[in-house]
Amino acid sequence: MKLSDFDFQLPEELIAQHPSPVRGMSRLLDCSKAPQFRDRQFSELPALLDAGDCLLLNDTKVIKARIHAEKPTGGKLEVMLERIVDDRHFTAMIRASHAPKPGSYITLANQVEAEVLSKDGMMYTLRLREGGVDLLELLEAHGQLPLPPYITHTADEEDEARYQTVFAEKAGAVAAPTAGLHYTPELLRQIRDSGVELLNLTLHVGAGTFLPVKTDNVAEHVMHSERYFVPGPVVRSIIDCKRAGKRVVCVGTTSIRAIEAWATETGCDLNTQAGLARAEQYADKGHHGDTDIFITPGYYFKVVDCLQTNFHLPKSTLLMLVSAFAGKDNIFKAYAHAIEQRYRFFSYGDAMWLNRATNKVN
């Protein structure tokens with residue numbers, strides 16, 4: 001596969017710069033009968049769900065990961081946090097006219113010093129001075145929300161409220177799981193009351209999600225790694241759902257990456273009785289880890305049956321993922337329809353519903 005295979009032309013005015021005026025008032029492109037498409041409102045999503053289905057939500061919470069810093073010489077830096085390792089250690093990308101060297105110190109927000117421990121490619125590892133302030137508290141007080149590069153305005157109060165899902169709980173993401181931005185508490189209650197089980201798992205979206213694919217040969221691309229956690233009770237509910245012949249529905253590509261990473265790393269193919277039996281051991285303890293799973297056409301999906309997601313960038317790994325899930329031809333026809341019908345694209349844009357194409361033999 002070539003990178004150019006995943007390119008398309010998008011009118012710039014269709015890139016949503018702001019969320020819909022009211023949360024949940026977005027459109028939903030129903031691709032369940034692709035290549036026939038139905039234009040819906042997102043409020044109609046419950047009509048696509050059945051009692052007994054499981055809806056997987058990524059409960060990661062976006063932190064104010066962009067923070068200004070300064071060298072001892074007075075040189076200015078912009079630090080984009082990638083991951084909080086522990087109370088004192090973190091990884092970050094640093095923008096500066098002269099990059100700091102390992103062994104040097106920088107001061108974050110004129111508040112606390114951090115030592116630059118190492119550099120690996122674009123990523124730095126840093127350590128706060130002992131006895132310094134709590135990193136999350138520092139970011140909350142002095143950091144900025146890291147909006148995607150295609151959103152042209154600086155994050156403001158509207159973004160702080162709307163670039164966060166209503167079910168966000170676990171701080172650690174530097175980008176929102178944007179497919180979940182459409183949900184309101186009222187819609188979630190409606191879905192739950194219809195007999196659908198709502199399940200939370202976690203994948204902390206990293207700054208690497210903004211990085212473009214630079215290799216023409218897609219197979220040569222190296223994915224960024226992200227932390228995830230699938231709780232034991234979620235595994236139990238998914239097992240029961242599959243055994244009852246119901247569907248596992250993911251909200252967003254981050255939820256897919258988390259649950260498919262879990263299935264790959266544990267060797268649990270939930271399309272089979274043997275895989276369901278194997279998964280029983282994780283219904284008590286769950287599973288956590290790091291994943292750099294790269295899902296492209298030809299991938300065998302072990303868990304997920306349906307996907308609700310937003311529209312993704314040309315040549316992106318996320319476009320490759322949805323092409324793997326629903327079929328590349330279907331996806332490109334759906335995107336052409338969305339462009340023709342003036343859907344809004346990307347993080348603050350509209351949504352689509354996809355059924356899984358028939359899996360290839362594993």
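Analyst: In the contact between the two helices, Leu319, Val322, Ser323 and Ala326 of α8 meet Lys328, Asn330, Ile331, Phe332 and Tyr335 of α9, where contact means heavy atoms within 4.5 Å. By class, these residues are 6 nonpolar, 2 polar and 1 charged; Ala, Val, Leu, Ile, Met, Phe, Trp, Tyr, Cys and Pro count as nonpolar, Asp, Glu, Lys and Arg as charged, and the others, Gly among them, as polar. Helix α8 covers residues 317–326 and helix α9 residues 328–340; the two pack at about 115°, with 6 Å between their axes. Axes are lines fitted to C-alpha atoms, for helices over the stretch in contact, and angles between N-to-C directions run from 0 to 180 degrees. Helices (H or I, at least four residues) and strands (E, at least two) are DSSP runs numbered from the N terminus.

The model is predicted: local features need pLDDT of at least 70 and side-chain atom pairs count only at pLDDT 80 or more, while totals for chains, interfaces and linings use all residues. Residues are numbered from 1 along each chain as its sequence is written, and side-chain values use heavy atoms, with hydrogens and water left out.

The largest nonpolar core has 74 residues, and Ile259, Trp262 and Phe345 have the most contacts inside it; such a core is a set of buried Ala, Val, Leu, Ile, Met, Phe, Trp, Tyr and Cys residues joined through side-chain atoms within 4.5 Å. Helix α8 supplies the largest share of this core, 7 residues. Beyond four places in sequence, Ile259 touches Leu56, Leu201, Val230, Ile238, Cys250, Val303 and Val304. A separate core of 27 residues includes Ile63, Met80, Leu108 and Ala114.

Phe345 is also a contact of Leu14, together with Ile339, Arg342, Tyr343 and Arg344, when neighbours within four places are left aside. Leu14 belongs to the segment before β1 and is buried at 6% relative accessibility (buried is under 20% relative accessible area, exposed over 50%, partly exposed in between; 1.4 Å probe, protein chains only).

An open sheet of 9 strands runs β2-β1-β17-β16-β14-β3-β12-β13-β15, with mixed pairing (two strands pair if DSSP finds at least two bridges between them). Its edges are β2 (36–41) and β15 (287–291); each has a single partner strand, so one side of each lacks a neighbour in the sheet. Neighbouring strands of this sheet are turned by 25° on average, direction ignored. Helix α5 (residues 253–266) packs on the sheet, touching β3 (54–58), β12 (197–203), β13 (226–230), β14 (248–251), β15 and β16 (306–310), at about 75° to the direction of β13.

Cys250, one of the contacts of Ile259, is buried with a relative accessible area of 0%. The count of disulfides is 0, a disulfide being a pair of cysteine sulfur atoms within 2.5 Å. For Cys250 the nearest cysteine sulfur, in Cys306, is 9.7 Å away. The sulfur of Cys54 is 3.8 Å from that of Cys241, its closest, which is too far for a bond.

The other sheet is a closed barrel of 6 strands, β5-β6-β7-β10-β9-β8, paired antiparallel. Its neighbouring strands are turned by 45° on average, direction ignored. Helix α1 (residues 135–142) packs on this sheet and touches β5 (66–70), β6, β7, β8 (105–108), β9 (112–120) and β10 (123–128), with its direction at about 130° to that of β6.
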